[in-house]
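Have the structure open and follow along.

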Amino acid sequence: MRYAETGFNLEIDLTRGNIERVATDPELTKLHLGGLGTNAKLFWDRVGPEVSHFDPENLLIFGTGLLVGTPAPSSNRTVVSSISPQTRLFAFSIMGGFFGPELKRAGYDKIILRGKSEKMVYLWIHDGKVELRDGEHLRGLGSLETAEAVRMELEEPNAAVSSIGLAGENRVFFASIEQGRSSASRLGLGAVMGDKNVKAIAVRGTKDIQISDPMAFMKLCNESLHYIKEREKNPVKGVMPILAGLGSPQEMAVDDEKWHTENFMWGNARTRRKGFWTEDIAEQWSHTMHTMRTRLLSCYNCPMKCGAAISVDSRLCSYMMKCFSKLTYTMGAFADLDFGLRIAQKATEHGVDAFSAPQTMAFAIELLEDGILPASEFPGMPEDSEGRFYWLLDKIVRREGIGDVLADGTHWAAERIGNGAQAYAHNNIKKTEQLPLKLGMLNHMYFLMYSTGEKVNITQIEGNFPQAPFMTREENEEFTKDWPHVPDDRFKRWFEDWELRGENSIPNYPHTEAACEIVNWQEQMHYIDDSIGLCAGLSSFPLKPPFHIHNIPTLISAGAGLEMDEETLKFVTRRNRDLVRANNIRRGMRREDEKPPEDHWKRRFPELEEQLLTDYYLFKGWNEDGIPTEESLRELGLDYVAEEFLETGILKAGGAAAAATGGAS
Amino acid sequence: MSEPKKKKTIKRIIIDVDKCNGCQGCEVICSAFHATPQYSSNNPERSRIRVIRDPLADIYIPVYAGEYTAAECAGRDKYMIDGKEYEECAFCRASCPSRDAFKEPDSGLPLKCDMCESDPTLDEPMCVQWCLAGALVFDVREEEVEEEEQEPEELDLGIEALANRHGWETVLAAVSRLSKKDD
Ligand code: SF4
Ligand code: SF4
Ligand code: SF4
């Protein structure tokens, strides 16, 4: 009997139209849990470094986390993995919503797509019945339109549908996979789906999901709900409202955007607008929120409501939005919120990532204004900023004219344009557009997170440790009083001693050893979530969440029937972490790729940064080039990775390089 | 009127459809609570509360399983409430041949909400405990009733938020009519 998971994957060969239900090895669950962990293992085994993003051999995996579909609140995550057209690395983009639990109930842990279909198709999974159906008639439809059309056609109003819009069909490098309430937006996985000629995947599942130790599991679930209730009544004091509560940032619930609009950058991540948030603006934007936001929305089995139904036409829900996508279009175009919510409806139907798309359009406008791209490249483009954004979006998703170049994202577009355009693709990590954030003094922990995070998105590595200390030591101590979440008490001391200014402040404090531990802890929590399918919003992302390193082991053991304790979980997580990295090292990722956007901080400390990076690598069991050492790979049971690295010369026998420099100070 | 009065406990769940967002938490916990052994599995298909969801129409209606009916209704009406169009079935509690809701997926036997009857009695039914959105509110009242009056312990499908709006009485009347049909 398998608990929490189903023990079966769906293998779909699109080239031959072949569908297989394959039993999985329970040993792999012990070694990697599920979700990201087992996705990474499949990629290691089956997608060599010679495979590029649009090759038929590239896989597109929809992998549910181990606990998805159980009663654990927010256990609804699906990890979508593929080789990204943007980074050319192993990518994982995570969606919530309703798709994962439905897939589990249909009897599958993962859908593994390989090959390419000759014609446009969609996949229909209804419990044991799985078929590839003709999807030619869906070509050109928006992502939500597609989902509706598929549900109507199948007469299955309750089917969960993941689909792509025009952007995915036309292989825009930042195309998303949309799912209504949620999406897998980052790193262009919608383009891979489009390249495979799969317009949508519809799932309906009606089977049970089993729990190994029901009473222990439910006790934890009930406690977590109780905790959430109390925690919602008692937001963390002294931090900004969006950091005070649980869930992903509550952008849909708040009206006050003074902090974002005055501290984050406008346009192509360059312009800070101090004093922007006037009373008039506040009133106008509140009005927009109150007229266009019709309902706050949860994902499957979660008491938080991070999303919202947005109405831009006569319907009460034209699309569903969450988090910072609320502001990215508005700020990219120097426009107002009404525009932002309206264009986001089109962008969602087209299926594009809400960080990369507006950034790429703002980048194009800058290139035009600075004469790097001639006006003749923009025939018929309106004069006003809003009109230009609509025009550009349309060109990009159709890959028409300059849109074809821009559809490759700022990094690759700049390469194609040349003429100094590279300097305008300035807000990227690993070739991917980031939050438009520019700050003063280097935060050394964020430096490490930006540099080494392989999700290529800061929100997917930061979280449980506060971004800054409070004004006074007393407030720090107040915060650490009820902070059982930390791995051990050292973390509390480090936080208590941390100061805004003076000796114990960034970038020298927390000192190197502490900084490594703090960064590692935060990343570890994300890797745990991504393997078991909990939402970061109730675990790795907010301060003081209901799920943490001390109760998740019980959740896993009681839920899935695996023997699990803290040490084992940390060890398995290290294994998964290193396997993700191994996939990318094999694809050529090295130390020189690991850096934040050049202009992220005004005050940089090159020597300190280099030393920190080295120290962190060594702390992680990687050598100075960021490659997991033979010793550490063998310790983690990843001998097969070590052997390949030795064979291909990526690692030298003996690992001399790794041992040469001293460890953490 | 000198007949003896008797106290009776009336248990109701008040549904505020405006607060529901279709998370299915109530379905998860109801089916887990009624699993054998308790909590050993979950499956919204087995839940005695189902949420009629149509996100793009902004429709989210929790409906409790009521009586079994052998035949489906002959005609179907539509309701317009607040500019939204609802199928009559959206409000119906019956386990009915026309749909899958409120039937055991394996046996096809009808399901009915039992208010989480258990020993010891729960403070609140599980679905109410798990709906942190506040769409389901438990309400217990002592009421004096005429002795011979057989008040069925029925859930109140009054939908508070819409109750004051014009025309809702019609809906309520139709719903209660429907739920008593073909007993
Ligand atoms: S915390 Fe928010 S994003 Fe996460 S599962 Fe809950 S509703 Fe969805
Ligand atoms: S738990 Fe509450 S909000 Fe969620 S679907 Fe049920 S009634 Fe609606
Ligand atoms: S009251 Fe109990 S039996 Fe009835 S729907 Fe709610 S959880 Fe299920």
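## Around the ligands

A residue counts as near a molecule or strand if one of its heavy atoms lies within 4 Å of it. By that rule, ligand 2 is surrounded by B:C20, B:N21, B:G22, B:C23, B:Q24, B:C26, B:V51, B:P62, B:C131, B:A133, B:A135 and B:L136. Sorted by class, that shell has nine nonpolar, three polar and no charged residues. For the sorting, Ala, Val, Leu, Ile, Met, Phe, Trp, Tyr, Cys and Pro are nonpolar, Asp, Glu, Lys and Arg are charged, and the others, Gly among them, are polar.

Now for ligand 3: the residues around it are B:I13, B:C30, B:H34, B:R48, B:I49, B:Y64, B:C113, B:D114, B:M115, B:C116, B:P125 and B:C127. This shell splits into nine nonpolar, one polar and two charged.

## What you're looking at

This is a predicted model, where local features need pLDDT of at least 70, side-chain atom pairs count only at pLDDT 80 or more, and totals for chains, interfaces and linings use all residues. Residues are numbered from 1 along each chain as its sequence is written, chains are lettered from A and ligands numbered from 1 in the order in which they are written, and side-chain values use heavy atoms, with hydrogens and water left out.

## Helices side by side

Helices (H or I, at least four residues) and strands (E, at least two) are DSSP runs, numbered from the N terminus. Axes are lines fitted to C-alpha atoms, for helices over the stretch in contact, and angles run from 0 to 180 degrees between N-to-C directions. In chain A, helix 12 (residues 337-350) and helix 14 (residues 385-398) pack at about 5°, with axes 11 Å apart. Helix 12 of chain A brings A:F339, A:R342, A:I343, A:K346, A:A347 and A:H350 to the contact, and helix 14 of chain A brings A:E386, A:F389, A:Y390, A:L393 and A:V397; contact means heavy atoms within 4.5 Å. By class, that's seven nonpolar, one polar and three charged residues.

Which way do helix 22 and helix 25 of chain A run relative to each other? The axes of helix 22 (residues 566-586) and helix 25 (residues 639-647) of chain A come within 11 Å and cross at roughly 20°. That makes helix 22 of chain A roughly parallel to helix 25 of chain A. The touching residues are A:L579, A:A582, A:I585 and A:R586 from helix 22 of chain A, plus A:Y640, A:V641, A:E644 and A:F645 from helix 25 of chain A. They divide into six nonpolar, no polar and two charged.

Side chains of opposite charge can pair when their charged atoms come close. One to look up joins A:D497 and A:R473 (2.8 Å, N to O). A:D497 lies in helix 19 (residues 490-497) of chain A and A:R473 in helix 18 (residues 473-481) of chain A, so the pair ties together parts that are 24 residues apart in sequence.

Most residues other than glycine have a negative phi, and most peptide bonds are trans. A:I506 and A:P507, though, are joined by a cis peptide bond, omega about 5°. A:R399 has a positive phi, near 50°, and sits in the loop between helix 14 and helix 15 (402-406) of chain A.

Definitions and conventions: Angles under 35 degrees count as roughly parallel, over 145 as roughly antiparallel, 65 to 115 as roughly perpendicular and the rest as oblique. A salt bridge is a side-chain nitrogen of Lys or Arg within 4 Å of a carboxyl oxygen of Asp or Glu.
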